[in-house]
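Hi everyone, thanks for coming.

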Amino acid sequence: MLIKELLKLIDAEIPFKKSESWDNVGLLIGDMSSEVTGILTTLDCTLEVVQEAVDKNCNTVIAHHPLIFSGIKRIENQGYGAVIHALIKNDLQLIAMHTNLDAYDQGVSAMIADKIGLTKQQILLPAEREMAKLQIFVPREDVESLKQALAQVGVGQIGDYSDCFFQLEGQGQFRPNASASPYIGTSNQLEVVEEMKLECVFEPHLQKKVEETIHSAHPYEEPAYDIYRFQATDQFGTGIRGELASSVSVIEWLTSVKEQLNIETLRLIGDSSKMIRTVGIISGAGVSYMKEVAATGVDLFLTGDIKYHEAHDLLMAGLLTADIEHYSEQVMIEGLKELLQSFDSKLNVHASEQSTNPFKAI
């Protein structure tokens, strides 16, 4: 498999376009035409991770955190430059899957939720996306051929389902004028036709293709149709919401969470005597979503990188929260390996054994 084919495989499941505008995802270093010998998944790409990739004959590193966030003016053999230098010297490819993986319903937050035993998982804060809806009228005998033509350009795709159409029988009428070339009917005579009304949705960027398909596949000289835009709940979003089998003491449960996530510190903000059952997770640093999370009504919020004043804001908001460290995201190393292999079982994927945690608890 070539790097460009690997990227296409990933993009089909976890689209890079779902990343935040400030993010830097996809192929950061490397050659699209390189053959993938092996993949090493990691949270961060460090010199130690590069050496591990070389030792394991993996010429592709997929990291959650991008090594390159902004424009680079020089690459010296020190700091981040040393990592870039080592990647290029060893002919390694570096791919970043950051906020697109965060937004995925089986992404990093879900991997944490799986690790700590949450069930009934769903996106905590679903995103919205713009969709387009087509309403078109077609003679009954031409409805199947038109549906097939529209489906071939991506119309009627809803999540994991394709060819999604609604149709309703009815009658259409029209009077061709003297200069018309009607498919059905005679000039200057009123024509009544048994027609089907089709309704379907499609991605807005496909509109030009959809309209071209209508004019080429529809039998009428002037097809009657409407296209309008609307907001729909996306399959992607921020964080994961899950449940415990029964209500438990927050302190008792968090003690086991600390062990399950293999983190050195865990800080609770709020009432330590509270019983909890529903949990919201935003991996990494998600405290900026505190108002939205509070509105979901979860009993406990798990995230990382909480600052002192943010902790007071959480207290004022009445949102019981535990700081589980940013490094709790390390569960994605094994989790991403399993995801990639579920996309293609032939992929040679290894999970990095290197700790990239910059902190040491004393």
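How many bridges join strand E10 to strand E11, and do the two run parallel or antiparallel? Three bridges join E10, residues 275–281, to E11, residues 300–303, and the two strands run parallel. Within that pairing, isoleucine 281 has leucine 302 of E11 as its bridge partner.

Before we go on, some housekeeping. This is a predicted model, so please keep in mind that local features need pLDDT of at least 70 and side-chain atom pairs count only at pLDDT 80 or more, while totals for chains, interfaces and linings use all residues. Residues are numbered from 1 along each chain as its sequence is written, and side-chain values use heavy atoms, with hydrogens and water left out. As for the labels, helices (H or I, at least four residues) and strands (E, at least two) are DSSP runs, numbered from the N terminus. Two strands pair if DSSP finds at least two bridges between them.

Now, the sheet that holds E10 and E11. Eight strands form this open sheet, in the order E6-E7-E5-E8-E10-E11-E12-E9, and the pairing is mixed. Its edge strands are E6 (166–174) and E9 (267–269), each of which pairs on one side only. On average, neighbouring strands are turned by 30° against each other, direction ignored. For angles, axes are lines fitted to C-alpha atoms, for helices over the stretch in contact, and angles run from 0 to 180 degrees between N-to-C directions.

Let's go to the E6 end of the order. E6 and E7 run antiparallel and are joined by nine bridges; there, glycine 170 stands opposite glutamate 195 in E7. E7 also runs antiparallel to E5, with eight bridges between them, and here phenylalanine 137 stands opposite lysine 197 in E7.

What lies across this sheet? Helix H5 (residues 108–115) lies across E5 (119–139), E8 (225–249) and E10, at about 25° to E8; contact means heavy atoms within 4.5 Å. Helix H6 packs on the sheet too, touching E5, E6 and E7 (191–202), and its direction makes about 135° with that of E5.

H5 packs with helix H11 (residues 331–343) at an angle of about 105°, their axes 9 Å apart. H5 and H11 are therefore roughly perpendicular to each other; in these terms, angles under 35 degrees count as roughly parallel, over 145 as roughly antiparallel, 65 to 115 as roughly perpendicular and the rest as oblique. From H5, the contact uses Val108, Met111, Ile112 and Lys115, and from H11 it uses Val331, Met332, Gly335, Leu336 and Leu339. Those residues divide into seven nonpolar, one polar and one charged. Ala, Val, Leu, Ile, Met, Phe, Trp, Tyr, Cys and Pro count as nonpolar, Asp, Glu, Lys and Arg as charged, and the others, Gly among them, as polar.

H6 (residues 143–152) packs with helix H7 (residues 207–217) at about 155°, with the axes 10 Å apart. That makes H6 roughly antiparallel to H7. Which residues meet here? Leu146, Ala149 and Leu150 in H6 meet Val210, Thr213, Ile214 and Ala217 in H7. This contact of H6 with H7 has six nonpolar residues, one polar and no charged.

There is another sheet to look at. It is open, with five strands in the order E1-E4-E3-E2-E13 and mixed pairing. E1 (26–29) and E13 (349–351) are the edge strands, each pairing on one side only. E1 runs antiparallel to E4 (residues 93–96), joined by three bridges, and isoleucine 29 stands opposite leucine 94 in E4. Helix H1 (residues 3–13) lies across E1, E2 (39–42), E3 (60–63) and E4, running at about 25° to E3.

Last stop: aromatic rings. The structure holds three aromatic pairs. One of them, tryptophan 22 with phenylalanine 69, is tilted, at 6.3 Å centre to centre and 40° between the planes. Rings of Phe, Tyr and Trp (its six-membered ring) pair if their centres lie within 6.5 Å; planes under 30 degrees apart count as stacked, over 60 as edge-to-face and the rest as tilted. Thanks, all!
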